[in-house]
Amino acid sequence: MSTEEPTTPTGRSWRRHSAEFKTRVVELARQPGVSTAAVALANGLNANMLRRWVREADERVPSSAHKDAAAVPAFVQLPMPQAVPLALPPASVEVPSRISVEIRRGSTTVQAELPLDARSSAWLREVLG
């Protein structure tokens, strides 16, 4: 049994990242809906290291500085205008019971006079679809 201290392998070096780089990737990781792991992978980093940088940045910066951006709700409800009731046509206006359709496709023209009903509208959707 050996009593020697374990040694680190020779030739191993640690990468150093500039403060600007760290700040940039931390801000990218803080964006709403962005995966920290995806940001780390895209920048050649270990996800755990990036999470540590984010945690350390959170400890250094007052909590309201970067969390205000995240406090903005993703959905903002807007006021809706009041519904306007549909008015029926006056009794003096005659509503047609048939519709006349002319469809042109290239040199072909089709003319049809159809009753104003659900079957006719389904046929038109199929033909024009």
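## A walk along a predicted chain

Start at the N terminus and the elements of the protein chain run α-α-α-α-β-β-α. That comes to five helices and two strands. Keep in mind that this is a predicted model.

The largest nonpolar core has twelve residues in all, including F21, V26, L45, W53 and A57.

For a close-up, pick V25: leaving aside its neighbours within four places in sequence, V25 is in contact with V39, N43, L45, L50 and W53. In soluble globular proteins, nonpolar side chains tend to be buried together.

Now for the strands. β1 covers residues 98-105 and β2 covers residues 108-115, and the two pair in the antiparallel sense over eight bridges. To spot one of these pairings, find E102, whose bridge partner in β2 is Q111. The hairpin has two residues between the strands, and G106 takes a positive phi there, near 65°.

Finally, zoom out to the whole protein chain. How many of its 129 residues count as buried? The share is 16%. The chain exposes about 11600 Å², with carbon and sulfur atoms supplying 57% of that area. Among contacts between residues at least 6 apart in sequence, 27% join residues at least 24 apart.

Note on methods
Residues are numbered from 1 along each chain as its sequence is written. This is a predicted model: local features need pLDDT of at least 70, side-chain atom pairs count only at pLDDT 80 or more; totals for chains, interfaces and linings use all residues. Side-chain values use heavy atoms; hydrogens and water are left out. Two strands pair if DSSP finds at least two bridges between them. Helices (H or I, at least four residues) and strands (E, at least two) are DSSP runs, numbered from the N terminus. Buried means under 20% relative accessible area, exposed over 50%, partly exposed in between (1.4 Å probe, protein chains only). Contact means heavy atoms within 4.5 Å. Accessible areas come from the Shrake-Rupley method with a 1.4 Å probe; for residues, only the protein chains shown count as cover. A nonpolar core is a set of buried Ala, Val, Leu, Ile, Met, Phe, Trp, Tyr and Cys residues joined through side-chain atoms within 4.5 Å.
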